[in-house]
Amino acid sequence: MFTKQCVVTLDMEGVLTPEIWIAFAEKTGIPELRLTTRDIQDYDELMRGRLRILEREHLKLSDIQKVIGSLPLLDGATEFLATLRDEAQVIILSDTFQEFAYPLIKKMNLPTIFCHNLIVQNDKITGYHLRLQDQKRKTVEALKSLNFKVFSAGDSFNDTGMLLAADKGSFLFAPSNVTEKFPQLDSANSYSELLDCFHQFQDSL
């Protein structure tokens, strides 16, 4: 049951689900599509590169959605999320797109998600629309302004604004090239470790 006015914000890809673009890269055999925000910190640069590849290879939204529909959640993610949602309100903060996220969110029993939108014409992805620049950090700051205590977890460079803005932030499954640049943040390597960190945070409130 909820005992504190606490909100947990989680990244999605790499934390609860596989990385969509990596899965699509493996399916298509295009290694450049394996790049994520773990590799390129500038999200606009990353997305512009992805769109150029899709144009070059004549790949459509439906091609990506077909791969997404076949993806499982990460091992243990279902149980972890169920436990967490029994103890706190949970919001998924992701830089993915609504057109990608729904099949995966449905497998999680439809938690709240804040993400972006693609611009699509006749099944061709022509661009993207960010719901809000730096939405992860700004969402955490907005929640704190409403007198919520916020615990956040993510795995990549684009999560660090959220993690640093939260009352408590921790990496989960993050690679060393990310964690080494932010030694002030905790780093968990399993869902049980992250739950322990969350419970310590709750006890401190």
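Tutor: We take the domains and then some charged pairs.

Tutor: Keep in mind that this is a predicted model.

Student: Which residues make up domain 1 and domain 2?

Tutor: The domain assignment gives residues 4-15 + 75-202 to domain 1 and 19-68 to domain 2. Their centres, taken over C-alpha atoms, are 21 Å apart.

Student: How do you know that domain 1 and domain 2 are in contact?

Tutor: Contact needs heavy atoms within 4.5 Å. On that rule, 29 residues of domain 1 touch 18 residues of domain 2. The area buried between the two domains is about 2100 Å², with 57% of it from carbon and sulfur atoms. F100, D123 and Y128 supply 28% of what domain 1 buries against domain 2, more than any other three residues.

Student: What makes E55 and K124 a salt bridge?

Tutor: The cut-off is 4 Å from a Lys or Arg side-chain nitrogen to an Asp or Glu carboxyl oxygen. E55 and K124 have an N to O distance of 2.9 Å. The distance is within the cut-off, so the label holds. The count between domain 1 and domain 2 is 2 salt bridges. The interface also has 13 residue pairs in polar contact. On the domain 1 side, β4 gives the largest share, 5 residues.

Student: Why is E55 called partly exposed?

Tutor: Partly exposed lies between the buried limit of 20% and the exposed limit of 50%. E55 has 44% relative accessibility, so it counts as partly exposed. K124, at 31%, is partly exposed as well.

Student: Why is K136 called buried?

Tutor: Buried means under 20% relative accessible area. K136 has 2%, so it is buried. D11 has 5%, so D11 is buried too.

Student: How do you know that K136 forms a salt bridge with D11?

Tutor: Their closest N and O atoms are 3.1 Å apart. The limit is 4 Å, so the pair qualifies. K136 lies in helix α6 and D11 in the loop between β1 and α1, so the pair ties together parts that are 125 residues apart in sequence. D11 and K136 also belong to a salt-bridge network with D159.

Student: What makes D186 and K168 a salt bridge that links distant parts of the chain?

Tutor: The closest N and O atoms are 2.6 Å apart. That is within 4 Å, so D186 and K168 form a salt bridge. D186 is in strand β7 and K168 in strand β6, 18 residues apart.

Definitions and conventions. Residues are numbered from 1 along each chain as its sequence is written. This is a predicted model: local features need pLDDT of at least 70, side-chain atom pairs count only at pLDDT 80 or more; totals for chains, interfaces and linings use all residues. Side-chain values use heavy atoms; hydrogens and water are left out. Domain bounds come from an automatic or database domain assignment. Buried area is the accessible area (1.4 Å probe) that two parts lose on being put together, summed over both. A polar contact is a pair of N or O atoms within 3.5 Å; within protein, one must be able to donate a hydrogen and the other to accept it, and residues adjacent in sequence count only if both atoms are side-chain atoms. Helices (H or I, at least four residues) and strands (E, at least two) are DSSP runs, numbered from the N terminus. Buried means under 20% relative accessible area, exposed over 50%, partly exposed in between (1.4 Å probe, protein chains only).
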